[in-house]
Amino acid sequence: MPKPTEPLQILIVDDHKNNLLSLHGLIDEYIDNVNVLEAESGIAALNILMKKEIDLIILDIQMPDMDGFETAEIIRSRKKTQRIPIVFLTAAYKSDEFKKRGYAIGAADYLTKPIDTPQLISKINTYLRFIQQEQQHSEYEQELEHKVQERTKELLELNRQLTQEIQERKDIESKLKTAKETAESANLAKSRFLATMSHELRTPLNAILGYSEMVKEAAVESGAEEFLPDLEKVIASGKHLLALVNDVLDISKIEAGEMILYPENFQLSELIKEVVNTMQPYIESTGNSFQVHCDPDALGERYADVTKLRQILLNLLDNAAKFTTHGTVSLTVLRRLHDSQSRLCFQISDTGIGLTSEQISNLFQLFTQIDSSSTRKYGGTGLGLVISKQFAEMMGGNITVQSTPGRGTTFCVWLPWVPKSSQASTA
Ligand SMILES: Nc1ncnc2c1ncn2[C@@H]1O[C@H](COP(=O)(O)OP(=O)(O)OP(=O)(O)O)[C@@H](O)[C@H]1O
Ligand SMILES: [Mg+2]
């Protein structure tokens with residue numbers, strides 16, 4: 001928005017005081033918002049121009065010492081004054097030749113006397129409007145320039161902040177990376193330590209178990225049967241401890257990436273028989289019936305890591321038995337399509353306490369026991385399912401689960417359908 005303008009400064013130059021007076025009077029009468037300064041000679045005009053900011057000069061030509069043309073030339077030659085519009089106003093120099101000279105010096109106009117008042121006023125007004133517009137324009141430009149500078153400053157500051165932020169993020173990322181690497185290597189070190197420790201623990205534990213069995217046999221032979229219940233407790237606890245150590249060893253090896261598969265050819269029916277014989281007494285000890293169904297098509301000679309498969313089946317049956325009383329635990333072996341592939345499927349079902357869908361989503365995680373009170377009630381460390389799942393995946397399969405709380409649970413172990421023949425050469 002244009003600001004209210006300051007009065008414009010008009011310098012009138014004439015060696016005749018009367019002329020100055022009448023011109024001054026005219027301007028004051030007809031033109032608003034101007035301030036008129038008078039000079040009676042070219043020198044006086046130049047003096048005023050040095051000290052004041054003048055917007056328009058009305059210059060007489062015929063003057064003693066320094067005439068209007070000479071004065072105008074000096075005004076034009078000075079940097080400070082060269083752009084001020086000059087209007088010549090003359091009574092004597094009316095010919096075209098002088099007019100030409102005046103315009104050549106750079107006059108904005110060349111008017112003659114006697115003064116044609118309307119013409120002079122209208123011209124002065126035109127110049128003043130033009131000057132005012134120029135002033136406003138230059139103010140506007142300055143303002144614009146100022147805004148551009150401010151904006152540039154803001155952008156530079158934003159840019160600096162952004163660069164700083166990027167740097168901070170990079171620093172955090174690199175710290176996170178280092179922390180992650182440290183954590184990973186610490187985890188690996190922990191897994192290696194546990195693997196070594198578990199291995200070292202097994203040796204004395206096996207000795208304890210072996211010697212306890214020998215003492216038990218000796219007690220039977222020597223008729224010292226009163227020691228048998230205590231010895232059996234020692235052996236049971238030793239076996240339990242060995243199972244735990246074995247689980248920890250398995251987990252450590254899996255985490256350290258050191259678990260290795262040892263696939264071999266084996267008779268599936270033999271494995272099933274062995275697993276059933278091992279688990280039957282335990283399953284039935286809590287009033288459960290144990291049902292086994294094997295699809296003849298699924299049995300036969302297979303190629304897989306039989307030790308790990310045995311461990312999976314024992315753990316799933318152990319769970320089924322642990323969480324079911326006076327119900328049914330079943331093991332079904334069959335060939336089925338899974339993910340549009342033919343698979344060997346081991347289905348372990350129970351009619352026990354079951355799991356909610358939320359509990360199922362937390363299964364297969366390290367040390368996860370669905371309900372911490374169940375740890376006290378049922379025992380266990382929460383490693384069995386993790387190990388089983390990892391083993392199944394290592395063998396190219398997986399484990400799925402379906403359950404209804406209070407009704408029972410079914411785990412399915414899916415393994416690739418690999419009959420002996422196709423692997424005979426690599427066996
Ligand atoms: N058949 C099942 N019925 C109900 N809950 C089960 C069943 N199988 C597993 N769970 C739940 O999943 C948890 C984890 O099972 P997992 O076999 O991993 O550990 P665990 O049996 O508690 O201990 P571990 O097997 O190491 O001795 C169990 O504690 C139990 O809460
Ligand atoms: Mg278990």
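Analyst: Happy to! Among contacts in the chain between residues at least 6 apart in sequence, those joining residues at least 24 apart make up 69%. Please keep in mind that this is a predicted model.

The part you asked about is helix 5, which runs over residues 117–221. Its 105 residues reach 150 Å from the first C-alpha to the last, close to the 156 Å expected at 1.5 Å a residue. Helix 5 is hardly covered, as the count of buried residues in it is five. Those buried residues are Leu120, Ile124, Leu128, Ala195 and Ser198. What covers them includes strand 1 (8–13), helix 1 (17–30), strand 2 (34–39), strand 3 (56–59), strand 5 (109–112) and helix 6 (228–255).

Both ends of helix 5 have a backbone detail to check. Just after helix 5, Gly223 adopts a positive phi of about 75 degrees.

Now for the whole chain. Its secondary structure amounts to 12 helices and 12 strands. The radius of gyration is 54 Å, well over the 22 Å that the globule rule gives for 427 residues, so the chain is more spread out than a compact globule. Along the principal axes, the C-alpha atoms fill a box of roughly 155 × 50 × 45 Å. Of the 427 residues, 24% count as buried.

In helix 8, the 17 residues should span 24 Å at 1.5 Å a residue, and the end C-alpha atoms are 24 Å apart, which agrees.

A few loop residues round out the picture. His326 is found in the loop between helix 8 and strand 9 (328–338). Phi of His326 is near 50 degrees, a positive value in a residue other than glycine. His326 is exposed, having 10 other C-beta atoms within 10 Å. Asn33, in the loop between helix 1 and strand 2, has a phi near 55 degrees, again positive in a residue other than glycine. Asn33 is exposed, with 11 other C-beta atoms within 10 Å.

Finally, Pro419 lies in the loop between strand 12 (408–416) and helix 12 (420–423). Pro419 is partly exposed, with 14 other C-beta atoms within 10 Å. Not counting residues up to four places away in sequence, Pro419 touches Gly300, Glu301 and Arg302. Gly300 is 119 residues away along the chain, yet its C-alpha atom and that of Pro419 are separated by 7.9 Å.

Notes:
Residues numbered from 1 in each chain as written. Chains lettered and ligands numbered in written order. Predicted model: local features only at pLDDT ≥ 70, side-chain atom pairs only at ≥ 80, totals over all residues. Helix = DSSP H or I, 4+ residues; strand = E, 2+ residues; numbered from the N terminus. Expected span 1.5 Å × (residues − 1). Buried ≥ 20, exposed ≤ 12 C-beta atoms within 10 Å, placed from the backbone. Contact = placed C-beta atoms within 7 Å. Rg over C-alpha atoms; globule rule 2.2 N^0.38 Å.
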